[in-house]
Amino acid sequence: MGHYEAPIREAIITGDKSYHDITVDVAAPIEGKANKSWWIVFSIAIVAMLWGFGSIAYTIGTGIGVWGLNNRINWAWDITNFVWWVGIGHAGTLISAVLLLFRQKWRMGINRSAEAMTIFAVVQAGMFPLIHMGRIWDGFYTLPIPNQYGNLWVNFNSPLLWDVFAISTYLSVSLVFWWTGLLPDFAMIRDRATKPFQKKIYSLVSFGWSGRAKDWQRFEEVSLVLAGLATPLVLSVHTIVSFDFATSVIPGWHSTVYPPYFVAGAVFSGFAMVQSLLLIMRKVSNLEDYITRVHIENMNKVILVTGGIVTVAYLSEFFVGWYTGSSYEDFVYLSVGAATGPYWWAFWSLIICNSIIPQLFWFKKIRRNYIWTFIISIFINIGMWFERFDIIVINLSRGHLPSSWTQFSPTFVDIGIFVGTIGFFFVLFLLYARTFPVIAQAEVKTILKSSGNNYKAARDLNQPNPTPKVADASSKTSIADDKSEKTNTLLDRLGKFDPNTEKPDDLKKISGVGPVLEKTLNKIGLYTFKQVSKMTKIEYDLLDSITESFPGRAERDDWAGQAKKMIS
């Protein structure tokens, strides 16, 4: 045992897993057929996506007058949804990058899905500015490119243009970071592929990954560099998004609290969405042993902290509005958005969902409960949407001239586009789960011996003076019984050694078997070349799951073939 591990630390990987089991489990959603849960969620997502695409087509064909916008409120659900999706996209790369820099082991089970969430969320966000233009085919005019009318230079003083540069940079770095982490897993699927077309596709996307030491060295170096780049980008992108509002002169918007307030809110909503996705993913992809209560609880702790920051930001905003003595600020906060105003329902939805409901995570039973976590994460996402709605619609609905005051009412097209983006997001995510490895299997294997349930239990059983146990007696007994059953199955297939009538062979003559491995094989009951010569793929896998000390070596070195030559 290389180091002492506190007995109160739970296993990150549950179940009696071996290295081979991890490979099989991660590859199963790609190599096998989708289960019933996947088809149910996918069908719902497809219906929502088609509704959204129909609403977008209707908008383009008719004009944005089909939305609920008016002369006073020229931003509403479109920009609300844009900022909401950008915020959700923040936490994915942040989780992966920051936890990688801090070497947190529990990152391994969730980083891949979190990074994919970033890509798909930013795709949804990017749709709204284009749709809001009305004539999306003129979108290229927003770029500083030469054209037939002379050089077209956009307004670099506009924070809306800063959004374009910030979000495109963030998307590029996130995409490279995500794809780099996928390379070893693409190579794993490539090596396991039986269909020529599938093998060719995964060979192409794995960029020639061979698993050499040089490949791993470059992989780790690039991952650290990209993590170092992505972390400040997370802070900068939503800070720049906040400038869309903070640099204006509209009451309630021109506030210096907006940049940190937007960043904290983005991380808060992003972590909540990751929770929602992980809890769905562990069911539809059968990954319950890799996305465990440890992951869920740690994520909930982060949500609790960021939720506290957001609540402090709310209080600061109200306090500053009151302390400055500005009648315009008081009017916006107290007469329009609070309990007495026309948007009281949106204001209190924000406060309840973002500041009150997350406090339930102070209770450990709720913080570790899958169902409660899913419900609370949904409420947080609803609350963060209302936060963006309140910022945009409430502040725009009341200007300096009472004659311009108006209300906003969404149309079925507004609602349809928003629901459609949620459906499109889940369609992309579910298709990704069927074609991409959703767990970083190579990274999970690196923490198996320190974080796997069976290793921790076996370690404690072998200690001469055991420390307080991580697993209880029943779990240890079940692990021992399972290994005993596998050993009996292996010996039934290969034949049992009879010391009264047989002599043990020198198994060290087999290439790849040394003195230590020979002792391990003898403990299992393997003593002769005759037994080893009968091994096939089934027996190799059984041996790997029993020993867990030399995964794949027996099959790779063809022990059975070597043993047959020894016999002859």
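Colleague: Which backbone oxygen does the side chain of Arg112 reach?

Modeller: Happy to walk you through it, and please keep in mind that this is a predicted model. The side chain of Arg112 reaches the backbone oxygen of Pro437, at 3.0 Å. Its side chain also makes a polar contact with the side chain of Asp185, at 2.9 Å. As for where the residue sits, Arg112 belongs to helix H4, which covers residues 111-132. Its relative accessibility is 1%, and because the cut-off for buried is under 20%, Arg112 counts as buried. Setting aside the neighbours within four places in sequence, the residues in contact with Arg112 are Trp178, Gly181, Leu182, Asp185, Tyr432, Pro437, Val438, Ile439 and Ala440.

His295 is placed in helix H9, residues 293-323, and with 0% relative accessibility it counts as buried. Once residues up to four places away in sequence are left out, His295 touches Ile12, Trp106, Gly109, Ile110 and Tyr290.

Helix H9 comes up again around helix H11, residues 344-356. The buried residues in H11 are Ala346, Phe347, Leu350, Ile351, Cys353, Asn354 and Ser355. Their cover includes H8, H9 and helix H13 (370-397).

H8 in turn has a packing partner that is worth a look. Helix H3 (residues 77-101) and helix H8 (residues 258-284) pack with their axes 7 Å apart, at an angle of about 75 degrees. Because of that angle, H3 is roughly perpendicular to H8. On the H3 side the contact is made by Val83, Trp84, Gly87, Ile88, His90, Ala91, Leu94 and Ile95, while H8 contributes Phe262, Ala266, Val267, Ser269, Gly270, Phe271, Met273 and Val274. Sorted by class, this contact of H3 with H8 has twelve nonpolar residues, four polar ones and no charged ones. As background for reading such residue lists, an α-helix has 3.6 residues a turn, so residues three or four places apart point the same way.

Ala45 is buried, its relative accessible area being 5%. In sequence Ala45 and Phe424 are 379 residues apart, yet from C-alpha to C-alpha they are 6.7 Å apart in space. Leaving out neighbours within four places in sequence, Ala45 is in contact with Gly423, Phe426 and Val427.

With 58% relative accessibility, Phe207 counts as exposed. If you check its backbone, you will find a positive phi of about 55 degrees, although Phe207 is not a glycine.

Finally, here is the setting for all of this. The chain has 23 helices and two strands, and of its 568 residues 54% are buried. Among contacts between residues at least 6 apart in sequence, 78% join residues at least 24 apart. The accessible surface of the chain comes to about 26400 Å², and 65% of that belongs to carbon and sulfur atoms.

Methods. Residues numbered from 1 in each chain as written. Predicted model: local features only at pLDDT ≥ 70, side-chain atom pairs only at ≥ 80, totals over all residues. Heavy atoms only, no water. Helix = DSSP H or I, 4+ residues; strand = E, 2+ residues; numbered from the N terminus. Buried < 20%, exposed > 50% of the residue type's maximum accessible area, 1.4 Å probe, protein only. Contact = heavy atoms within 4.5 Å. Areas by Shrake-Rupley, 256 points an atom, 1.4 Å probe, with all protein chains shown as cover. Axes fitted to C-alpha atoms, helices over the stretch in contact; angles between N-to-C directions. Parallel < 35°, antiparallel > 145°, perpendicular 65-115°, else oblique. Nonpolar A, V, L, I, M, F, W, Y, C, P; charged D, E, K, R; others polar. Polar contact = N/O pair within 3.5 Å; in protein donor to acceptor, adjacent residues only side chain to side chain.
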